[in-house]
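I opened the model today to go through its charged pairs, then a helix and a hairpin. My entries follow.

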Amino acid sequence: MPQRINDYKPVLSLLSTARLASVPAIFNVHTDLEMYGFSLWIQNAAAALYPLVQQLELVLRNSVDKTARTRFGERWWDTISYDTTKDNHGKFIKCIRDAERSLLTNWKAKEVARLGLTHPSQVTTTPPVFSHDDIIAATTFSTWENVFLEALHTDDNSKKNNFLWPNSLPKALRRLSEIDNKPIEARRKLLNLLKEIRDYRNRLFHHDCIWIKIKTVDKQTAIESIREKINLIEKIITAISPVTNRALTAWGMYENARRICSTAELSIYTNLNYQVPNIATPGLLGQLLLQTNGGKETVPMMLQNEACVFYKLR
């Protein structure tokens with residue numbers, strides 16, 4: 001049991017104390033045990049968001065790629081037109097070239113190891129021609145943000161067959177109206193929303209603060225700022241692929257993230273005085289299910305001196 005650890009100071013000293021400095025005032029946790037419990041909860045909260053962010057990245061990438069590939073072929077990024085008069089017209093294709101360079105670098109590293117060489121410059125083997133799927137898989141999230149830049153769009157009807165947007169929007173984004181009823185505005189707004197999620201994704205992956213500080217005055221507003229990101233991810237996934245959104249809902253992924261990113265879940269890690277139900281009580285499971293508040297909360301308890309939880313999976 002956590003209380004068996006008499007002194008958490010040595011444990012806390014190995015965490016990022018600077019990032020935890022604002023925690024007591026915001027989240028009302030003060031003892032060393034509570035602080036360590038908080039640090040475990042925030043990691044658990046971040047972990048609950050990973051599947052949603054990863055699903056968003058996958059459906060975005062594959063939906064755009066599938067649509068573009070159908071219209072322009074395997075190397076569609078080399079086929080489509082770009083408006084070079086627009087700012088950042090080279091950002092998307094640079095992302096593709098970066099993916100190709102990454103593949104080449106990794107291949108050379110493997111060749112160095114295979115041939116027992118000491119430096120990539122010594123590799124004389126002809127590199128492979130990387131496939132479409134290899135290149136797409138090597139791209140980063142920012143690639144699929146930059147694909148919505150103005151340079152890949154035209155308003156000139158005579159050129160629309162050569163540009164990716166706007167003609168590909170209805171296929172790449174099955175429910176465009178989730179973002180905006182006007183396609184051009186929807187693309188522009190989506191670009192900003194994707195940047196917001198990419199920035200947030202980077203914070204998650206680098207173990208940074210996952211609540212939005214400028215929106216935070218206490219633990220409730222801090223957690224609400226996290227849940228706003230869950231709502232935003234759900235909105236974008238719905239816009240791209242309503243069927244994927246339905247699947248994630250059916251599997252309880254949004255509900256799970258919201259359950260963990262809650263004040264009730266945080267209290268499980270900071271208040272260890274759990275209820276001790278009588279397992280012989282008739283209808284106990286039904287009572288516990290009611291305590292989940294419709295599946296929104298986890299119910300902690302002590303059973304046979306073991307800490308257990310009861311929650312709705314989906």
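**Salt bridges**

I began with lysine 229, which forms a salt bridge with glutamate 196, the closest N and O atoms being 2.6 Å apart. The pair links distant parts of the chain, with lysine 229 in helix H11 (residues 219–240) and glutamate 196 in helix H10, 33 residues apart. I note that this is a predicted model. Lysine 229 is buried at a relative accessible area of 10%, whereas glutamate 196 is partly exposed at 34%.

I then looked up arginine 201 and found its side chain in a salt bridge with that of glutamate 57 (3.3 Å, N to O). This pair also links distant parts of the chain: arginine 201 lies in helix H10 (residues 183–205) and glutamate 57 in helix H4, 144 residues apart. Because buried means under 20% relative accessible area, arginine 201 counts as buried at 16%, and so does glutamate 57 at 18%.

Lysine 189 and aspartate 180 meet through their side chains at 2.5 Å, N to O. I have lysine 189 as partly exposed at 37% and aspartate 180 as buried at 15%. The count comes to 22 salt bridges.

**Helix H4**

I checked H4 (residues 32–72), whose 41 residues reach 59 Å from first C-alpha to last, close to the 60 Å expected. A kink of about 25° lies at leucine 49, shortly before proline 51. Just after H4, glycine 73 takes a positive phi of about 95°.

**Hairpin S1 and S2**

Last, I followed S1 and strand S2 (residues 306–310), which pair in the antiparallel sense over five bridges. Leucine 303 stands opposite glutamate 306. Two residues lie between the strands, and glutamine 304 takes a positive phi near 50°. Four of the five residues of S1 (residues 299–303) are buried, so the strand is largely enclosed by the rest of the structure.

Terms used:
Residues numbered from 1 in each chain as written. Predicted model: local features only at pLDDT ≥ 70, side-chain atom pairs only at ≥ 80, totals over all residues. Heavy atoms only, no water. Buried < 20%, exposed > 50% of the residue type's maximum accessible area, 1.4 Å probe, protein only. Pairing = 2+ DSSP bridges. Expected span 1.5 Å × (residues − 1). Bend = angle between axes of the 7 residues up to and from the residue. Salt bridge = Lys/Arg side-chain N within 4 Å of Asp/Glu carboxyl O.
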